[in-house]
Amino acid sequence: MNSLQQHMHFQGQNNYHPIRGPLHPGPRTVGLILTTIIMVCTSFHASSQRLVIKSNGERTIISSNRNALNISHGSGNNFNIEYKGNIKVTDDDKDIISISKNGYLEIDKTTFGSKRSILIEQRSSGLSKQYYEGRKEQPWEPYGREWLAEILPDIVRSTGIAAQSRVERFYRKGGTNRVLEEIEEIDSDHVKNTYFRMLLRKKGLTSNDLVNILGEIEDAIDSDHYQAQLLEEHNRVFLQNEVVAEAYFDVVSDIGSSHYASSVLKEVLRDRDASAKSFKYIIKASSEIDSDYHQAELLSKALELNDLTDEMIREVIEAAQEVSSDHYQTELLKKALALERISSESTEEIIEVISDVSSDYYVASIFSDLLEEQLNEEIQLKIINLVEDEMSSDYYASVILSKVLEEQKLSSEVTKDLARAITEINSSSYSSSIIKKAAEQTLNKATLLVLLDAIEEIDSDFYRAEALIALASQVREGDNELKDAYRKAAKSIGSDTYYGKAIRALD
């Protein structure tokens, strides 16, 4: 790191200026490109605000009292740089060639109380160059020219001054690689960002150029903010073909901040043309996002695309397995279920993902939504088997099995599995409640027989009797086989009182 970049801050200046006299806010608006952290200043609104941050292990103080760049490096050693307009420098970066209309460059340096100043302005007659030591103007030749030649190379690299002309010069001499070599010599991520943006505006960049630029963005820029900014703004440039796109998403995947990584990927999704071609890369990159919130948010945005195919939906569902939060995973899967064009295959994929959700509450929530629609036999069996094998809560198990009975048309095979699942519920109360809930609707003979068998497995005489009594009216209207099955179940009741209640309900 050079001396100009060691310590930087904005500061108010109410003192006497050797060139302009007493300083007061003037009419000129100063455009600034600062090093490393200067972009932070754009968020300041009050002049009294003050921020302390660390950059490359060094303490940097920024305040927005006045639009003047102050570079401080060492006790009593300060640079103040103020400029406006587009500035061009010589090929050796040691002199100013031109400044755009009404532009200027002003440099002050104070070393232990000794001040030197330069003011270069664009006038109708050309460039005006003035050099001061203290308050006294000195000849530009050779003193002013020599001092500018000494300090200007560091200034242009530290501040981004003359960046446009320098990028043009390096590109003209050595193409993309020469610009990248210069970027490697720059310490400030903000200034690097400026150079990259100018380079990416060049026409005729090849795939190889773009892959190299991506590699340098990843290697040269430490700030996730600046990496993301470049990748967002120029995604169309990078997504023109498969080779560059793959390199692009590799860089995105390596962004440390979940916020910035997801921001880049969401920006690609917003670009309809880019998202259609890059969907599989976006979903793959989502698995590298550490934050469940940002990962789920990105996948949720993917499900909002208008031209989703069933294959794309399944890719999102599979990616949902990487979301460790039951809450965010459930919200995502429910959103997929709500899609009108979701297929049976995608629905089955959702059930597979649900098996990894640890919360019975969230599993029940998804199953409840699923059961609102008529499902095929294979999906019905998967739900019943998951409830039986994975769900530890008797309450949520009873809620889902009751809803299966209420909402679904069941084959004899599914009904048998359902009855078996009822017997696996530890709570006699909940087992009985499922059967009583089922009795509220008209049941066919096969279902009644299966439920009567299940009643025998209920441990409590009270709840066995409750379940039998709930079915009694439908059994009474059935044939002898049904009535015999009812009486057989009633005989499993040990209590004469409850047995008597169950038999009287049938007769």
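## Around Phe-238

Leaving out residues up to four places away in sequence, Phe-238 touches Leu-200, Leu-210, Ile-213, Leu-214, Ile-217, Leu-230, Leu-231, Val-244, Ala-245 and Tyr-248; contact here means heavy atoms within 4.5 Å. This is a predicted model, in which local features need pLDDT of at least 70 and side-chain atom pairs count only at pLDDT 80 or more, while totals for chains, interfaces and linings use all residues. Residues are numbered from 1 along each chain as its sequence is written, and side-chain values use heavy atoms, with hydrogens and water left out.

## The nonpolar cores

Phe-238 also belongs to the largest nonpolar core, which has 120 residues. A nonpolar core is a set of buried Ala, Val, Leu, Ile, Met, Phe, Trp, Tyr and Cys residues joined through side-chain atoms within 4.5 Å. Buried means under 20% relative accessible area, exposed means over 50%, and partly exposed lies in between (1.4 Å probe, protein chains only). The members that touch the most others are Ile-213, Phe-238, Tyr-248, Phe-367, Ile-383 and Leu-471. Helix α7 (residues 242-253) is the top contributor to this core, giving seven residues. Helices (H or I, at least four residues) and strands (E, at least two) are DSSP runs, numbered from the N terminus.

Another core, of 21 residues, lies apart from this one, and Tyr-83, Leu-152, Ile-155 and Ala-162 are among its members. As background, nonpolar side chains tend to be buried together in soluble globular proteins.

## Helix α2 and its kink

Helix α2 bends by about 130° in a kink centred on Gly-174; the bend at a residue is the angle between axes fitted to the seven residues ending there and the seven starting there. Although α2 has 22 residues, its end C-alpha atoms are only 14 Å apart, short of the 32 Å that a straight helix would reach at 1.5 Å a residue. That expected span is 1.5 Å times one less than the number of residues.

The buried residues of α2 include Ala-163, Val-167, Phe-170, Val-179, Leu-180 and Ile-183, and also the charged Arg-166, Arg-169 and Glu-182. Among the elements covering the buried residues of α2 are β8, α1 (140-159), α3 (189-200) and α4 (207-220).

## Salt bridges

The count comes to 31 salt bridges, each being a side-chain nitrogen of Lys or Arg within 4 Å of a carboxyl oxygen of Asp or Glu. In one of them, Lys-173 meets Asp-91 at 3.7 Å, N to O. This pair links distant parts of the chain, 82 residues apart: Lys-173 is in helix α2 (residues 163-184), and Asp-91 is in the loop between β8 (87-89) and β9 (96-99). Lys-173 counts as exposed because its relative accessibility is 58%, and Asp-91 counts as partly exposed because its value is 48%. Arg-169 of α2 and Asp-93 of the loop between β8 and β9 are 76 residues apart. Their side chains form a salt bridge at 3.0 Å, N to O, and both residues are buried.

Elsewhere, Asp-479 forms a salt bridge with Lys-445, with the closest N and O atoms 2.6 Å apart. Asp-479 is partly exposed at 34%, and Lys-445 is partly exposed at 32%. Salt bridges that share partners join Asp-91, Asp-93, Arg-157, Arg-166, Arg-169, Lys-173 and Glu-182 into one network.
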